[in-house]
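The tour goes from one selection to the next.

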Amino acid sequence: MTAGPSKDAVKAALTTQVLETPSWAYGNSGTRFKVFAQPGVPRTTREKLDDAARVHAHTGVAPAVALHIPWDRVDDYGALAEYARERGLRLGAINANVFQDDDYRLGSVTNPDPAVRRKAVAHLLECVDVMDATGSKDLKLWFSDGTNYPGQDDLRDRQERLAEALRTVYDRLGDGQRMLLEYKLFEPAFYATDVPDWGTAYAHCLKLGPKAQVVVDTGHHAPGTNIEFIVATLLREGRLGGFDFNSRFYADDDLMVGAADPFQLFRIMYEVVRGGAFAASTPDGPGARISEGPAASASEGPGVAFMLDQCHNIEAKIPAIIRSVMNVQEATAKALLVDVEALTAAQRAGDVLAANGALMDAYNTDVRPLLAEVREESGLAPDPLGAYERSGWQEQIVKERVGGVQAGWGA
């Protein structure tokens, strides 16, 4: 254990961590080439929530579940929200889908055809209706819109169409609701993506107003991009709305968070701590409590939503999500252990090695025993994966979920 915040302060912070798991990660998903079906995969949104409840039961920090419309479309969203509450969950961000219809071949809200743009905006407004019914606070928007060839469409016009659509949806948001705008470097648009980077998303959010904030998907950057710098800047400007946590080796791989570069995840989480997304609520000062995103109190602002967005193609779904949650917990614990006083002193003295050493000491700390203590003190098994394996849930769902159509987006 490094110097810095006390062990009790770090443990107190970790007990209040809140992560949001994505409904689609419990279903079949894959690549553009193949989706490998697995036995026991949910066939309905309610079965996805059943699986999410198991993740929360074993980790204690994953009570929120993001929905994706139309993948999670149901007849009664109020009843779905009640079903979630009965299982100790709440419904989180509502994710729109304006990328899978044939009409969107040339884009959705930036399409040159006004009829297609109207269709796309109507869907986004439908998602706000869903928020009203479920009590969800966040509308998460990602657009595949863009062009493949120079001259295919006017780049400036497409930004104007995007701004108009965002304004229409923004004006529909109710009290306590917000819009989270996601960006992506490329794919499926290979020449120009209409929201390719954090600067473009930030510029649109600034024009819209305080209810519009930026989402950082950790897989949506060029190799070598300093993501923690983006996080620090957006936090400084009060415009970091949330994360989509995943991992990548080359592009938007959507692997388990922390799988490719756990040091990067630690660096990101340190900037979250440094930037005040952890409210100070203990005598030890910085690094006390993770904001619960949209559920935070008005005095704390809307907060930062910590969401997973992953594609479990070859690995078992529920254990992979549990592992992802654990990876975020470990990175968080290490970030909380940074000796801020020693780090600041070294930075001010220009002591490069000592400053780097302060971060590395925290990163190299084995926090697994600490997290095991936190879980045991919360009435949980110290090893969530082992507890899940012993629960018999996997065997039960494989036996019971026979017939019907498995959930998944296909490929």
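Predicted model: local features only at pLDDT ≥ 70, side-chain atom pairs only at ≥ 80, totals over all residues.

**Helix α11.** Select residues 352–363, the twelve residues of helix α11. At 1.5 Å a residue this helix should span 16 Å, and its end C-alpha atoms are 17 Å apart, which agrees. Now show the side chains. Which residues of α11 are buried? They are Ala355, Ala358, Ala362 and Tyr363. These cover an arc of only 135° around the axis, so they lie on the same side of α11. In general, an α-helix has 3.6 residues a turn, so residues three or four places apart point the same way. Turn to the other side of α11 to find Val352 and Leu353, which are exposed.

**Helix α13.** Move on to residues 384–391, which form helix α13. Its buried residues are Pro384, Leu385, Gly386, Ala387 and Tyr388. What covers them includes α2 (45–59), α9, α12 (368–377) and α14 (393–400). Step just past the end of α13 to Gly392, which takes a positive phi of about 80°.

**Cysteines.** How many disulfides does a search of the whole structure find? The search finds zero. Select Cys205, which is in no disulfide: the nearest cysteine sulfur, that of Cys127, is 17 Å away. Cys205 is buried, with a relative accessible area of 0%. Finish at Cys311, where the relative accessibility is 12%. Buried means under 20%, so Cys311 counts as buried.

Conventions
Residues numbered from 1 in each chain as written. Heavy atoms only, no water. Helix = DSSP H or I, 4+ residues; strand = E, 2+ residues; numbered from the N terminus. Expected span 1.5 Å × (residues − 1). Buried < 20%, exposed > 50% of the residue type's maximum accessible area, 1.4 Å probe, protein only. Arc of directions from axis to C-beta. Disulfide = S-S within 2.5 Å. Contact = heavy atoms within 4.5 Å.
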